[in-house]
Amino acid sequence: MKKSLLLIALLCPLWLFAQSESDYRTIKGVVMDSVTNETLIGATVMIDPDAAEAKNLGPKGTITDFDGKFELKVPKAVKYVVVSFVGYKNAKLDVTKTTEFKVMLQPDQEQLTEVVVTGYQQIEKRKVTSAIQTVKMDDIKRIGVASIDQLLEGQVAGMTSIPTNGAPGAPNKMRIRSTVSLTGSTDPLWVLDGMILEGNDIPANFSDKDNIDNLYNTSIAGVNPADIEDITILKDAAATAIYGARAANGVIVVTTKKGKAGKMRVNASGSVFYALKPDLDKLNLMNASEKVDFELGLAAQKNLTYRSDYGSVARILNKYGQLETLQNNGFDAISTEAQNEINKLRKSGVDWGDEVYRNALNQQYNLSISGGGELANYYFSAGYYNEEGTTRGTGFERYNMTMKTDFNLLENLNVGVSLFLTDSKRKSYVTDTEAFTNPSNYTRMVNPYLEVKDENGDYIYDPDILDNDGRNLEFNFIEEMKNTSYSLKNRSIKPMITLDYKVTSWLRLFTQFSMQLENSKTEKIANKNSYFVRKYKEKSKYTYRPSDGSPSETRYFLPDGGVIQYWDNDMTQYQWKLQGEFAKYFGEFHSVNVMAGLEMRGNKTTNVHTKGFGYDPNSLTTETLVIPDNTNFQNDANFEQYSKSFTEDRFLSYYMTASYTYDNRYTMFGSLRYDGSNMFGVERKYKYLPIWSISAAWNADRENFLQNADWLTNLKLRISYGIQGNVDKNTSPLVVGEWGNTSVLPGGSEPNIGVTNPPNPYLRWEKTTNWNVGLDMGVLNNRITFSIDAYHRVSSDLIGTRALPGENGFDYAPMNWAKVTNKGVEFSLSTVNLLS
């Protein structure tokens, strides 16, 4: 009806100008939201069409301006005018008593029925039959948190969000209801305003030994948390089956803010937060004097197998030949020179916690402008985030810009245009896979009497710290921080356009086209005087045997200088979907909803990795790397100076959902998706997998026998069953090989292909069957709500490595043979303790 009122108001007749002024009265006023006290732009004010005196007058009305004000001339015979606005209850004004009004419209709760956004459609919450949890951004927002995945820590039952390391801006490893794959991705699927995002899978070996230098970017990390309205987590098969491949890991749907009709709203926020460095005093570590006493106590024990090469006290005793004297007669009996050197250690050393860590001052600023009127709603935001790491030399900086506009071209046609822009930079230093190169471990392991530099300004190395091969390659954490750098720059552009056309009140057509353009550039530089380069030099060690029969000698072929590495990663994705939705009530009790559509999606990724050896930071040049003859270094990836990889995937999917609701009490829901991929099998039956689900819900609180339970707001029982799919991109049904070189004769080599994956024409999708039973309950007007879900998931046809008979020519091959079972119970409780 309100659409008709708006149309009539816009078609004001001209015949009124010919009438006598004495036959009219002019009414004025302002229309406001009764809750927020904000003025409403575009509200309709018109003669009550149901009044008897209006039948012969024709349509007459106006709309409020940008200040929410209106002025309308109406015949004196008119007694009432009606004020309406979408989402609000109509207000009826008596114009016979006054001509100036302040109209406070009440939100219409029936029109504002809470809905759940699944990425493909919006479902009324009372009709939800699956395990879905929605988190409002206002409930979880915190200052000093860089990305959405970090905000979700501990917020959703059945979902874990664990930091991969302590670096600023580091991604979180997320899982929903454990794991469903042995070798494939276990990360959930992220969806932004209906667009499936690529580039959110955390590598399996990402946090090997917790290296802080593993800088990594995920596409969801580029979204500004201040732009988010809410986040919906889809858990069971009934919720995720519509997403097809990879949906078995769960789906996280992010809905961003958009403009609303009304006057312009400007929101600005800023925060400065102070992060304290780790307090190592709580670890009760030994100081220099205590460490000296500890080493002396060990050295004095005759019954111990003493390692005289470890610890400065032992090396001093060994230097002066005083170990036996100490063991027989005590510390006072050893030589004065030895005593002086040992006592000097007691007053040496630095606070390594202060050298490695710092207190960090961080900043976060956001600005948004939103509003709208009759023809369009708009939302614009800009954000800046700067986080200094508490480890010196680390940091994360991000710029965001978001632009969204919804155009109301016709009464039943809406066009939406969105653009998300992100530019970020992470910085750190170069470390390695040895545990001692981690700052947390180094500050605990380094000898407390060790100085950073000697009297000549040269770095001092702890001889008691060894690498994985038992070598001491002279590592000093401060030197490594000064002489190495590691940076990751990322730029992201996500444009999106949607077209929403309501053919009739019960038929809607919707299409969306979106793109994701990501570029990441990583640079790692290690100067000559660094542990990283010293270790790299050890990798180039070989035995040189002169042709004249002279004794062999050890040589290194790594050029003198530093090592520079550069990675350039480009990822492009497009996604287009077209769908129609039928939603209609039949009679008073029957509601039917059917949605069907198709989706095309493709992504292409290009990676380029270069290395330069003998790097000179002054001239910015490198030296030629000469691989010695008669060695196997030609195929060593450590000395590969250029590599390029390219991957491209395309998906075509058909999907549909259908639901039936009786009297808002009983709901049946089903979904079906048909996915195809060239990553499986050589026969058609292995390339495609139908993914489906069925579910039901009972709103028991709407039953007659509970109508008098005023304390009970919501009581719903849910049950679902379905099949989910998963993709392991690390496998292929075809033979896979790698180019290389092999030595054939002394002084000669030939290119060859080494087979890394034997063919498997029967390779197929990984499948997961999922049972879920749930109960939702709310009491006291939903001031206390809780949900409980029990699930049982069986993942079959999992791809794993399996031994093969020797006559196949391969020892192992990936194939569908593994099985994993997960089951659990989830419980969540929410209370509203205070109302404002």
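Me: What makes β3-β2-β5-β6 an open sheet, and which sense does the pairing have?

Reply: The 4 strands follow one another in the order β3-β2-β5-β6, with antiparallel pairing. Strands here are DSSP E runs of at least two residues, and helices are H or I runs of at least four, both numbered from the N terminus. The edge strands, β3 (61–63) and β6 (91–94), each pair on one side only. Direction ignored, neighbouring strands are turned by 20° against each other on average. This is a predicted model, where local features need pLDDT of at least 70, side-chain atom pairs need 80 or more, and totals for chains, interfaces and linings use all residues. Residues are numbered from 1 along each chain as its sequence is written, and side-chain values use heavy atoms, leaving out hydrogens and water.

Me: How do you know that β2 and β5 pair?

Reply: Two strands pair if DSSP finds at least two bridges between them. β2 (residues 44–47) and β5 (residues 80–84) have 4 bridges, in the antiparallel sense, so they meet that definition. Within this pair, V45 stands opposite V83 of β5.

Me: Why are α5 and α6 called oblique?

Reply: Their packing angle is about 55°, and their axes lie 8 Å apart. Axes are lines fitted to C-alpha atoms, for helices over the stretch in contact, and angles run from 0 to 180 degrees between N-to-C directions. Under 35 degrees counts as roughly parallel, over 145 as roughly antiparallel, 65 to 115 as roughly perpendicular, and the rest as oblique. α5 and α6 are therefore oblique to each other.

Me: Which residues make that contact?

Reply: From α5 come V292, E295, L296 and A299, and from α6 come S312, V313, A314 and L317. Contact means heavy atoms within 4.5 Å. The buried residues of α6 (312–320) are S312, V313, A314, I316 and L317, where buried means under 20% relative accessible area with a 1.4 Å probe, protein chains only. They pack against α5 (288–299), α7 (323–329) and α8 (336–346).

Me: What makes a group of residues a nonpolar core?

Reply: The group must be buried Ala, Val, Leu, Ile, Met, Phe, Trp, Tyr and Cys residues, joined through side-chain atoms within 4.5 Å. The largest such core has 24 residues, and I148, L152, M159, W190, I231, I233 and I252 have the most contacts inside it. Among the elements that each supply at least two residues are α3 (148–151) and β15 (228–234); β15 gives the most, with 3. A second, separate core of 20 residues includes L72, V81, V83 and F101.

Technical notes
Buried < 20%, exposed > 50% of the residue type's maximum accessible area, 1.4 Å probe, protein only.
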